[in-house]
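Hi,

Here is the structure I promised to send over. Have a look at it first, and then read on for what I found in it.

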Amino acid sequence: MPMPVLVLRPTILRYSRLCLPNGLLGTRNRRYQSLPTSDPVGHGMPPPLQGIKILDLTRVLAGPTATMLLADLGADVIKVEEVLKGDDTRSWNPPSAPLLDSAPETSAHLPPESAYFLSINRNKRSITVNFKKPEGLEIIYRLIERSDILVENFISGKLSSMGLGWDDCRKLNPRLIYASITGYGQTGPYREAAGYDVIIEGEAGLMHITGEPDRPPSKVGVAATDIATGLYAHGAIMAALISRQQTGKGVWIDCNLFETQIAGLANIASNYLISGQEASRHGTAHPSVVPYQVFPCQDGFLMVGAGNNKQFKLLAEKVLNNPSLVDDPKFATNEARVTNRTELIQIITEVLVQQRRDYWLKKFMGLGVPFGPINNIQQTFEHPQAVSRGVTVEVDHPRAGKIKLVAPAVTYDGKKMAVRMPPPWLSQHTTEIMEELGYSAERIEQLRKASII
């Protein structure tokens, strides 16, 4: 099958449909034909997924993370939500964004936008559909026919029982990429179990290695397994798009929290598989490198790592002012330092607690010893590097006004992908999308009155 030809005109990316009649672009997608001609990313990369339509049947975190990353790359993501309450995270407040007096009247019945929902739903359109009803199911079928990708995170088998499983959907659209995100996968004895980040953290080993050695297991401060699963799903979907370009066929992606977290155990998993070595909790310390952990200062905390003998020598001589440590047989090698971990950590701690954090930050600067402050969230966003790199973006939300969001994390030719749309309010684009599907104004009103949309 011929590869797509990119036709670059003044500031717009167009794909040649002569060369790619059924390639990456959705054959029925017409929305992007009316995009403005200005380039929203300056000298960065034109949106590579412009023209790709994604049907998003996900909620909470893992699925919405994946679809947001695809939306950032230019895909038209249609987020399907429950008619009355929408995505679960819409009600996960406080905190919430402020509510403007000038908010659209059609959204007056809705509560303020939760900060949680706003964090993972930029660049998407929202439609509400009750697809437990035949009329609502028909709407979803029409969307499937026009979509390149469907992403869902229902319990395994649930959508199949509703006529929306992989086998059902590929009959409607053989080129559809169908991505399922579950707790445990589509097979195995746990396939019908619900997936929750905090449960999987415990069940797949992460909690066992997280926390202080003399304290109970601890969860990570954010839903790291959910986020990692969203990243895996995003990469898998991009791979499936390339596969479809080569084969002309869609594919079913089976992505789950359980296997994602096991893969995320990295060297800890390898230690067990190769040598049978069971893991344990070390707090902020490293099991096989010393010193490599958080140390207290007079007014805060500092992360210090000396991963080799050269770095330890610099630490001992230039920071601790104790060059005798370098030649001491108990600390001369990393193996010796691991064996005598408790004694060495006590020596370092007794020095660092004598001064304030800023004093030590200046002392470490430029030495070549890995170090860094333990920042709170305010300090994180005020970090000079965060300010310089533009880690936040301000968007104009129709209900909340100007709000700040975390910006996309990747740059292309020095520019981040544009945030084209703020996170949607519930059902914001229902009428617009229904009209695209060919529904008349009269029929849309009938479906709205029947609580189908």
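Helix 1 passes helix 7 in a right-handed crossing. Keep in mind that this is a predicted model. Helix 1 covers residues 62-72 and helix 7 covers residues 224-247; their axes come within 7 Å and cross at roughly 45°.

If you want to click through the contact, start on the helix 1 side with Ala 62, Thr 65, Ala 66, Leu 69 and Leu 70. Across from them, helix 7 brings in Asp 226, Ile 227, Thr 229, Gly 230, Leu 231, Ala 233, His 234, Ile 237 and Met 238. Sorted by class, the contact between these two helices has 9 nonpolar, 4 polar and 1 charged residues.

Further along, there's a hairpin made by strand 12 and strand 13, with 3 residues between them. Strand 12 (residues 392-397) and strand 13 (residues 401-406) run antiparallel and are joined by 6 bridges.

The chain averages a pLDDT of 90, and 91% of the residues score at least 70. Residues 1-42 are another matter: the pLDDT there is below 50, although the stretch has 85 contacts in the model beyond near neighbours in sequence.

Cheers

How values were computed:
Residues are numbered from 1 along each chain as its sequence is written. This is a predicted model: local features need pLDDT of at least 70, side-chain atom pairs count only at pLDDT 80 or more; totals for chains, interfaces and linings use all residues. Side-chain values use heavy atoms; hydrogens and water are left out. Axes are lines fitted to C-alpha atoms, for helices over the stretch in contact, and angles run from 0 to 180 degrees between N-to-C directions. Helices (H or I, at least four residues) and strands (E, at least two) are DSSP runs, numbered from the N terminus. A crossing is left-handed if the near helix is turned anticlockwise from the far one by less than a right angle, and right-handed if clockwise. Contact means heavy atoms within 4.5 Å. Ala, Val, Leu, Ile, Met, Phe, Trp, Tyr, Cys and Pro count as nonpolar, Asp, Glu, Lys and Arg as charged, and the others, Gly among them, as polar. Two strands pair if DSSP finds at least two bridges between them. pLDDT is the predictor's confidence in each residue, from 0 to 100.
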